[in-house]
Amino acid sequence: METASEHRVWRNWAGTATAAPARWRRPGSEAEIAAAVKDAAASGLTVRALGSGHSFTAVAATSGVALDLSGWTGITAADTRTGLVTVRSGTRLRALNAELSGLGLAMANLGDIDVQTLAGALSTGTHGTGARLGGLATQVEGLELVLADGSTATCSASSRPDLFAAARIGLGALGVVTSVTLRCVPAFTLLADERPLPVDEVLEQFDALAEGNDHFEFYWFPYGRNALVKRNNRIARGAGATAVPPPLPAWRRFWEFEVMENAGFGTLCRLGRARPRLIPALNRFSSSALSARTYTETSHRVFVTPRRVRFTESEYAVPRKSLGHVLAELRRAVPRLPHPVMFPVEVRVAAADDIWLSTAHGRESAYVAIHQYAGLPYQDYFDRFESIVAEVAGRPHWGKMHSLDAARLSALYSRFGDFLRVRAEADPEGRFGNAYLTRVLGSSAFPLASGRP
Ligand SMILES: Cc1cc2nc3c(=O)[nH]c(=O)nc-3n(C[C@H](O)[C@H](O)[C@H](O)COP(=O)(O)OP(=O)(O)OC[C@H]3O[C@@H](n4cnc5c(N)ncnc54)[C@H](O)[C@@H]3O)c2cc1C
């Protein structure tokens with residue numbers, strides 16, 4: 001097992017969390033993962049598996065042993081008939097999408113980016129959009145974990161179902177996920193339609209848009225009247241080549257995704273950071289500059305876009321029927337904030353699911369994500385947003401900024417107590433604990449949960 005420099009600092013993508021692990025380990029096999037957990041126990045240290053550091057919270061931070069799983073990647077088994085594919089947990093989604101594509105398979109739904117590791121994305125409840133679809137964890141059929149005593153456990157809906165219900169979105173609290181079996185679907189093409197529409201019109205038609213499209217979402221610049229509406233629909237197999245628009249040519253993908261949405265938007269953001277008073281006008285400019293595009297493309301190339309402009313983010317899942325209220329309140333609140341907001345609000349939808357700590361547990365959900373450009377003040381905005389979503393029992397994304405603690409969260413999740421019970425069985429000492437888990441899950445039962453990162 002490789003041991004990286006002991007004094008390396010860990011930092012997340014957004015720069016909102018750092019940690020100084022006592023040890024770094026880079027296991028290359030399941031046996032080495034188990035050995036790293038046992039060694040940590042022998043030294044009285046906690047352990048955290050690291051993903052790609054794309055959580056905005058300190059969910060992955062550790063002062064104990066940091067397990068870098070970048071040497072534990074790839075597909076180990078695939079059945080193209082059933083779509084069941086077993087993947088090592090450190091595999092990045094980008095590599096997974098490419099490997100699946102080579103097998104004629106795809107994940108049924110994805111989020112906005114593909115740099116996360118599979119286990120990292122699952123552990124915080126990463127989701128995309130689609131009223132008939134759940135987040136990534138709903139695509140999981142089975143998991144294999146190394147538990148706190150170094151033993152291996154497998155779980156699925158039929159084998160250790162409680163561990164399965166907890167560990168699909170386990171916050172890294174139950175063990176190190178080593179392998180994930182996904183139920184994939186045959187590779188598919190999406191017809192992408194993106195166009196600006198008045199935000200009032202979008203809200204009036206929200207249910208019809210959510211129900212009438214496979215994947216529906218919109219972005220809204222808080223000072224503008226327009227929303228950018230994205231509708232992505234699966235093309236029936238065998239649809240005539242003339243019936244659908246072609247993929248975007250490479251130069252246009254580069255121009256629109258890299259130049260306009262990253263380099264151009266990044267320039268506007270830097271200008272706004274230097275001259276905050278200009279932000280509302282820049283925001284309206286961005287809103288008015290939105291343009292339409294329609295194209296077809298392999299699913300993951302539609303779901304995923306590059307995100308090179310750094311930002312901070314908070315996202316809450318709210319009952320779908322509450323979305324209108326939340327956005328109306330947000331619209332009232334944003335112009336009154338002491339610091340202007342540079343980034344758009346993103347709205348997505350998901351079906352209800354049965355995963356214990358899923359933000360969509362037991363209810364059809366709308367996701368409202370708010371962002372601020374890196375380096376601009378965000379606390380007032382995020383606090384105001386939290387007070388709005390609190391009125392409608394909003395549940396925070398586990399990997400995005402929020403201030404809720406175990407007392408508040410336990411009231412939002414009917415199976416919270418069950419999750420704690422399974423955690424206490426799988427990790428009685430809190431070997432996989434950190435300060436974030438102490439805050440969101442509570443500490444009483446776990447001797448190692450000291451409140452340190
Ligand atoms: C630019 C950007 C865009 C994003 N877009 C979306 C989006 O569209 N939808 C969405 O829902 N979220 C989105 N996110 C959030 C992101 O998907 C999640 O925060 C995700 O958890 C990050 O994955 P990661 O690999 O970076 O994991 P990390 O952030 O490194 O870790 C997350 C958690 O997973 C745990 N973990 C990692 N590996 C294992 C393992 N093998 N076993 C047990 N636990 C493990 C870690 O300990 C930690 O608790 C976005 C974030 C960014 C920065």
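1. R25 has L67, in β5, as its bridge partner. The model is predicted: local features need pLDDT of at least 70 and side-chain atom pairs count only at pLDDT 80 or more, while totals for chains, interfaces and linings use all residues. Residues are numbered from 1 along each chain as its sequence is written, and side-chain values use heavy atoms, with hydrogens and water left out.

2. β3 and β5 (residues 65-68) run parallel and are joined by three bridges. Strands here are DSSP runs of E, at least two residues, and helices are runs of H or I, at least four residues, numbered from the N terminus; two strands pair if DSSP finds at least two bridges between them.

3. The open sheet has three strands in the order β3-β5-β4, with parallel pairing. β3 (23-25) and β4 (47-50) are the edge strands, each pairing on one side only. From one strand to the next, the twist averages 25 degrees (axes are lines fitted to C-alpha atoms, and angles run from 0 to 180 degrees between N-to-C directions).

4. The lining of the second largest pocket comprises 29 residues; F221, M260, E261, F265 and L290 lie nearest the centre. A pocket is an open set of points on a 1 Å grid over the protein atoms alone, where a 1.4 Å probe fits, with protein on both sides within 12 Å along at least five of seven lines; lining residues have an atom within 4 Å of a point.

5. β15 (226-234), α7 (250-274) and α8 (279-288) each supply at least two lining residues of this pocket. α7 gives the most, with eight residues.
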